[in-house]
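Hi,

Here is the model I promised to pass on.

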Amino acid sequence: MMQSMETPEPGDGVRLSTPAAKRNREPILALLREVLPATGRVLEIASGSGEHAVHFATHLPALVWQPSDPSAQARGSIDAWRRHAGLTNLESPLALDVTGSWPDAADEVSAMVCINMLHISPWAATQALLREAGRRLPATGVLVVYGPFMRHGEHTAASNAAFDTDLRRRDPAWGIRSLEDVAAEAEAHGLDLQRVDELPANNLGVVFRRR
């Protein structure tokens, strides 16, 4: 489901909270524990409220977590969560739009994570993410993508089909992507599909590894 960032934490008008982030963070963390490197720097694309960044940085203390988002409101929330948590391995959020120029601070990353972005952005954003991951990840580095996908031309659940219709009504450039289309685009940029995990709420955890 698309995340909403409309609920501030009590007493804090900047530190935003998304119910979806609280629901899906444990299954995603379990996948990340299995596929991320033991140490290094992880770039999170489209970090949203910042709750995932805090949770993952808390439970993966040997990794440096670098959140990012194109939205100033989101970056304000991420930074508020970062200051609230006081984690030394969670960096200040980067202003990063995948379809624009990537800042130098997005270089030298060990892995990338992108949660719930592909379906609420144009296809060009998916292409840009995969292109830059192919350029920037080290050999055998992973890109982990989470969200709803179509498989073999079909939605995986009736609720996803309804969600896709709603997304396209909101913006014709949005919509649930075909896993096969995403994998083909990834392969063109040197990223091989390594595993696909079925996660709660009809979402997938998709892991690409750079050749």
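In which loop is Ile120 found? Ile120 sits in the loop between strand 7 (111-115) and helix 4 (123-136), where helices (H or I, at least four residues) and strands (E, at least two) are DSSP runs numbered from the N terminus. Ile120 is partly exposed, at a relative accessible area of 25%; buried means under 20%, exposed over 50%, and partly exposed in between (1.4 Å probe, protein chains only). Between Ile120 and Ser110 there are 26 Å in space, C-alpha to C-alpha, for 10 residues in sequence.

Before the rest, some ground rules. This is a predicted model, in which local features need pLDDT of at least 70 and side-chain atom pairs count only at pLDDT 80 or more, while totals for chains, interfaces and linings use all residues. Residues are numbered from 1 along each chain as its sequence is written, and side-chain values use heavy atoms, with hydrogens and water left out.

On confidence (pLDDT is the predictor's confidence in each residue, from 0 to 100), the mean is 93, and 94% of the residues reach 70 or more. Residues 1-5 fall below 50, yet this stretch has 24 contacts in the model beyond near neighbours in sequence; contact means heavy atoms within 4.5 Å. Where pLDDT is low, the predicted coordinates should not be read in detail.

Now the overall picture. The protein has 6 helices and 13 strands, and 52% of its 211 residues are buried. Of the contacts with a separation of 6 or more, 71% join residues 24 or more positions apart.

Helix 2 (residues 51-59) is mostly covered, with 7 of its 9 residues buried. Those are Glu51, His52, Ala53, Val54, His55, Phe56 and Ala57. Their packing partners include helix 1 (19-35), strand 3 (40-45) and helix 3 (72-85).

Most residues other than glycine have a negative phi. Glu108, though not a glycine, has a positive phi of about 55°; Glu108 lies in the loop between strand 6 (94-95) and strand 7 and counts as exposed at 74% relative accessibility. Thr140 has a positive phi of about 70°, is placed in the loop between helix 4 and strand 8 (142-147), and counts as partly exposed at 49%.

Cheers
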